[in-house]
Number of protein chains: 2
Amino acid sequence: MVQKYGGSSLADAESIRNVAGRIARSQQSGAQVVAVVSAMGDTTDRLIEMAERVAGSPDPRELDALLSTGELQSCTLVTMALHSMGCRAISLSGAQAGIRTDSRHRRARISVVEPKRITQELGSGKIVIVAGFQGITDELDVTTLERGGSDTTAVAVAAGLGAARCEIYTDVDGIYTANPRIVPDARKLDELGFEEMLELASYGAKFPPQAIEMALVYDVPILVASSYRDGPGTMIHKEPRMSMRVGQIRNRVRAIATDANVAKITARGLADRVGLQADIFGPLAEADVSVDVIVQNASIGGLTDLTFTVERTDLAAAMEVTEPVARNLGASQVTSSSDLAKVTVVGTGMQNVPGYASRMFRALAEAGIAIELISTSEIRITCVVREDRLTDAARALHRAFELDDSG
Amino acid sequence: MVQKYGGSSLADAESIRNVAGRIARSQQSGAQVVAVVSAMGDTTDRLIEMAERVAGSPDPRELDALLSTGELQSCTLVTMALHSMGCRAISLSGAQAGIRTDSRHRRARISVVEPKRITQELGSGKIVIVAGFQGITDELDVTTLERGGSDTTAVAVAAGLGAARCEIYTDVDGIYTANPRIVPDARKLDELGFEEMLELASYGAKFPPQAIEMALVYDVPILVASSYRDGPGTMIHKEPRMSMRVGQIRNRVRAIATDANVAKITARGLADRVGLQADIFGPLAEADVSVDVIVQNASIGGLTDLTFTVERTDLAAAMEVTEPVARNLGASQVTSSSDLAKVTVVGTGMQNVPGYASRMFRALAEAGIAIELISTSEIRITCVVREDRLTDAARALHRAFELDDSG
């Protein structure tokens, strides 16, 4: 069994002992246990702060080596706590656990898990505690994964070991139909499909998409549950059993995702020609700015407008890159606004059933909320709205799709 | 050039930048620079405290993995600071730097340094910052060396690279004829022999004997100097140039070492037979208690007394082991006292020149100081005295051997 415990569950000596107790009980139930742990509490933030105090903008390779110490500390401390409870246990760094990655520092991707040492220690009867969020390159340099990467470590280890599932213990007791802080009626979901979770993760839930992609590829079911209370949690897996009632079409909308960290940039009057988009978005990619929703107007008189959204924290960098490029391409105006948010409805198979999009637009219209941009995928419809209307939008959609009472 | 910076020189962001500045200047003088660093300030103590809070008496393997993070943090921070000063630099963990050790956790010995990666990074024009105090076993487990082990790392790296010397930068500006806090007239030595330093290190100076042994074996001169002020420091090497004056025999006593952390145990009335000592000291070795001075009285009527000293911090453990063993061997009485100290005069070749020992005993007698135990080596005479007379003893000997004014 592979488990993962997050940093908020490991904030101090007492909570470390609490987590160790939970791990010990899992083993007493007869299972072989591997637990992946994050750094204690706000350790990662404190290390970044220290690095910035010493060096301004620290080198990514060095920052990775520094940040990896947070998980090394927590995994050794959890292991010591297990020993003090009479359990046999051993800590493994990412390198020792065989977590190999590419060499993209600060956002490395796991290339392969070589679980030889884990298997060997499990075989000798030990609980194995693995430092999350980190791996090692072929050159034996330490890398860290994207933020939240300990979840990815856990799924990768579960996949590498062929574990039946991966249990993610966190400070919430599962995945909700919406953020309960925004929508008080939000309801915990018992189960969810990988693709649905992937959209939720990309559009607001605190869960690294990389972890879900990996779970999807290797078909590792993920249980998300509370590290404080016992409870069923939410099972994320390949084929969520449908709670289809006879004579009733199942509500395919599963959840509402919200994201307030949105800004948009609009370039007007661009000469519409082949390669325009590459010219605009190439430099943004080089500057490591992720672009989310992109909307291009129909061309009028050979000129077109292009609007796209970025994370609000990336807006300054994005404008710096985009403005000169767009001017070069003939733009008459480049504007930005940062008071935006995204609200997304997620559900598998929505696109095969007409009416979901119009139901969404109608609900927003009835609430008097203007839609600035729209983006859709097979299982998702996203509307960009003003940030000060995000709560209203989420609540209206949660009601409109009857998420507070459906099964 | 191999340098080493101690934890007190790396206490905060500002001192880290100060050390980085010194390293940068060393490179600007044209040298290839490898710098070994200790953990910042009291990091190691804080980590031990945390481990004890979580687990009481933590497992040595886990504690090693935990403690090693202190040096990983300081070496990446120094490297980042160098980058921010425009220098090319890279940090290497003990494992990356090729520091292989045996698997005696908490007190590992370096078996070999495989400096391939260091050489390669130096060759590409980088300053290399190495995490001190740590190594890796053949099973890829992290070990830590004895306390002060970063000095040992530095000497080992210097030996592995064939460096001309190893520079240890610390919070004092060299090795003194005595501890200046005890003997105000103490004078910095310009040079010192390895063997002399080894005795000083074993008998009071804060320097790991392992580092000096390694320097001796591989003939790596060590410069001890201040990390705050420029100054000549003390050079420790194979053949200290003699400051012999014509017509005058050189004063062979080089320094006075003092150590207040001494306790003694006496077992009286032991049956004197072959194997007695092994029976007494075997169990102590198994309990990891280091025994220092041992004195055994001439046997009278088949019975003998045995007295030995241990570090005061080991006294309780030593008594627990010794008392039942000694009683089994027929001891009529097992007593201990913990208010003792050692004062040692060190100098190469003393044993070939008569009169040094008697001069020591006379100086102590004239100061009214009782000698409890005596122990000698080729280059050292140690007297155990009451701790409350240690200062008087050190000052009397410093004067008697004219250490305050000789060259």
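H1(B) and H3(B) cross in a right-handed sense; a crossing is called right-handed if the near helix is turned clockwise from the far one by less than a right angle, and left-handed if anticlockwise. Their angle is about 65° and their axes lie 9 Å apart. Axes here are lines fitted to C-alpha atoms, for helices over the stretch in contact, with angles from 0 to 180 degrees between N-to-C directions. Helices are DSSP runs of H or I, at least four residues, numbered from the N terminus.

Which residues of H1(B) and H3(B) make the contact? From H1(B) they are Ile16(B), Arg17(B), Val19(B), Ala20(B), Ile23(B) and Ala24(B), and from H3(B) Leu77(B), Val78(B), Ala81(B) and Leu82(B). Contact means C-beta atoms, placed from the backbone, within 7 Å. By class that is 9 nonpolar, no polar and 1 charged. Ala, Val, Leu, Ile, Met, Phe, Trp, Tyr, Cys and Pro count as nonpolar, Asp, Glu, Lys and Arg as charged, and the others, Gly among them, as polar.

This is a predicted model, in which local features need pLDDT of at least 70 and side-chain atom pairs count only at pLDDT 80 or more, while totals for chains, interfaces and linings use all residues. Residues are numbered from 1 along each chain as its sequence is written, and chains are lettered from A and ligands numbered from 1 in the order in which they are written.

Now the interface. Here 27 residues of chain B are in contact with 27 residues of chain A. On the side of chain B, helices H1 (13–28), H2 (43–55) and H3 (60–84) each give two or more residues. H3(B) gives the most, 13 residues. That side divides into 14 nonpolar, 9 polar and 4 charged residues.

How are the copies related? The same surface serves both copies, with 100% of the contact residues of chain B recurring in chain A.

Last, confidence. The model has ipTM 0.81 and pTM 0.84. Chain A averages a pLDDT of 90, and 95% of its residues score at least 70; pLDDT is the predictor's confidence in each residue, from 0 to 100. Residues 243–248 of chain A stay under 50.

Technical notes:
Two residues are in contact if their C-beta atoms, placed from the backbone, lie within 7 Å.
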